[in-house]
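Hi everyone, thanks for coming. Please have a look at the structure first.

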Amino acid sequence: MEAAAVASSGCGLRCSLYPVPNQHRRGARLGLAAKRQQRCAVACGRLLLRPNARVYTAASASASAVIDSGAGDSGVRRKRLAVFVSGGGSNFRSIHEAALGGKVNGDVVALVTDKPGCGGAEYAMCNGIPVVVFTKSKSAPEGVSTDELLNVLRDLKVDFILLAGYLKLIPGELVKAFPRSMLNIHPSLLPAFGGKGYYGLKVHKAVIASGARYSGPTVHFVDEQFDTGKTLAQRVVPVLANDTPEQLAARVLHEEHQVYVEAVAALCEDRIVWRDDGVPLIRSQTNPNAYT
Ligand SMILES: Nc1nc2c(c(=O)[nH]1)N[C@@H](CN(C=O)c1ccc(C(=O)N[C@@H](CCC(=O)O)C(=O)O)cc1)CN2
Ligand SMILES: NCC(=O)N[C@@H]1O[C@H](COP(=O)([O-])[O-])[C@@H](O)[C@H]1O
């Protein structure tokens, strides 16, 4: 299937056949865009391309144009990020904006989703970020397998994976392929209120029902199970006497946007230090002897 067609992306923009110059790029643009063998299912508006389709899209061109982004002022190489999203994607957006604004020493080079119609995927398409549908399902037959996804991530030279409201279990093969390189954000103070069944508003309902007086987001490394990887950062918010789950969710989400960007900034500046007992710490940007 040739993607010479141009799809309306539903966001007022149209996907073109050229790289979209809205990523924060410090390195040379190599202009490798040309026709390439497409390994992934790229969603461009309503046009969903199957694996192995020979395509020439804004998304693939845009991604392949940033092969070597080089080192920034800090001397630390700019990192390449894949963000996994199932929903609205506000954490994804805050990370993308932080990358564009220079707060994060990295570029979002792919959005991976199990829900091609979600807000996060729409935002990616509107911003020239390739969308990969993972995994294949009845509702997303254009999805890729784990092996195909691994190939795409290697192709895109992804350094780090960031789960941001992604609701499916990450298979062991993928976890193993990105050791100490995959983060998740969870909307409670883990290990409380985590694991299968705890996602979105269900978490906040359970927190309120428990009578806990404090909650807040946890950023953690991803292991093979839901929410059991090592904690990297947390923020605390009060649970108020008359809170609804929606009110608590909004208070926690506000903190998520700050703490995830700070954690990703540290990751991309190589400021994560692993203590001998396996606990990851963040080295302060301003004081190299201070850790949180
Ligand atoms: N290998 C890992 N995969 C994922 C992790 C992880 O830590 N290790 N974190 C989750 C995110 N997560 C909370 O942070 C989470 C998401 C979803 C669920 C859950 O119970 N999901 C339901 C399906 C919901 C849906 O599709 O609508 C289910 O699996 O039955 C629990 C925790 C991301 N993946
Ligand atoms: N267990 C995973 C989980 O519950 N994740 C939560 O889903 C929301 C996604 O919002 P967003 O799509 O606006 O970033 C966030 O609150 C995130 O912590």
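**Around ligand 1**

Let's start with ligand 1, which has 21 residues around it, and Lys168, Asn184, Lys196, Gly197 and Gln225 come nearest. A residue counts as near a molecule or strand if one of its heavy atoms lies within 4 Å of it. Before I go on, a word on the ground rules: this is a predicted model, where local features need pLDDT of at least 70 and side-chain atom pairs count only at pLDDT 80 or more, while totals for chains, interfaces and linings use all residues. Residues are numbered from 1 along each chain as its sequence is written, chains are lettered from A and ligands numbered from 1 in the order in which they are written, and side-chain values use heavy atoms, with hydrogens and water left out.

Which polar atoms meet ligand 1? I'm using polar contact for a pair of N or O atoms within 3.5 Å; within protein, one must be able to donate a hydrogen and the other to accept it, and residues adjacent in sequence count only if both atoms are side-chain atoms. A polar side-chain atom of Lys196 is 2.6 Å from an oxygen atom of ligand 1. On the backbone, a polar atom of Gln225 lies 2.7 Å from a nitrogen atom of the ligand, and an N or O atom of Leu167 is 3.3 Å from a nitrogen atom of ligand 1. Taken alone, ligand 1 exposes 710 Å², and the protein buries 86% of that; these accessible areas come from the Shrake-Rupley method with a 1.4 Å probe, and for residues only the protein chains shown count as cover.

By class, the shell of ligand 1 has 10 nonpolar, six polar and five charged residues. Here Ala, Val, Leu, Ile, Met, Phe, Trp, Tyr, Cys and Pro count as nonpolar, Asp, Glu, Lys and Arg as charged, and the others, Gly among them, as polar. Strand β9 (residues 182-186) gives the most to this shell, three residues. Helices (H or I, at least four residues) and strands (E, at least two) are DSSP runs, numbered from the N terminus.

**Around ligand 2**

Side-chain polar atoms of Ser90 and Glu256 reach oxygen atoms of ligand 2, at 2.6 Å for Ser90 and 2.8 Å for Glu256. The protein covers 86% of the 450 Å² of accessible area that ligand 2 has on its own.

**The pockets**

Where do the ligands sit? A pocket, on a 1 Å grid over the protein atoms alone, is an open set of points where a 1.4 Å probe fits, with protein on both sides within 12 Å along at least five of seven lines; lining residues have an atom within 4 Å of a point.

The largest pocket is lined by 37 residues, with Gly165, Tyr166, Leu167, Tyr199 and Gly200 nearest its centre.
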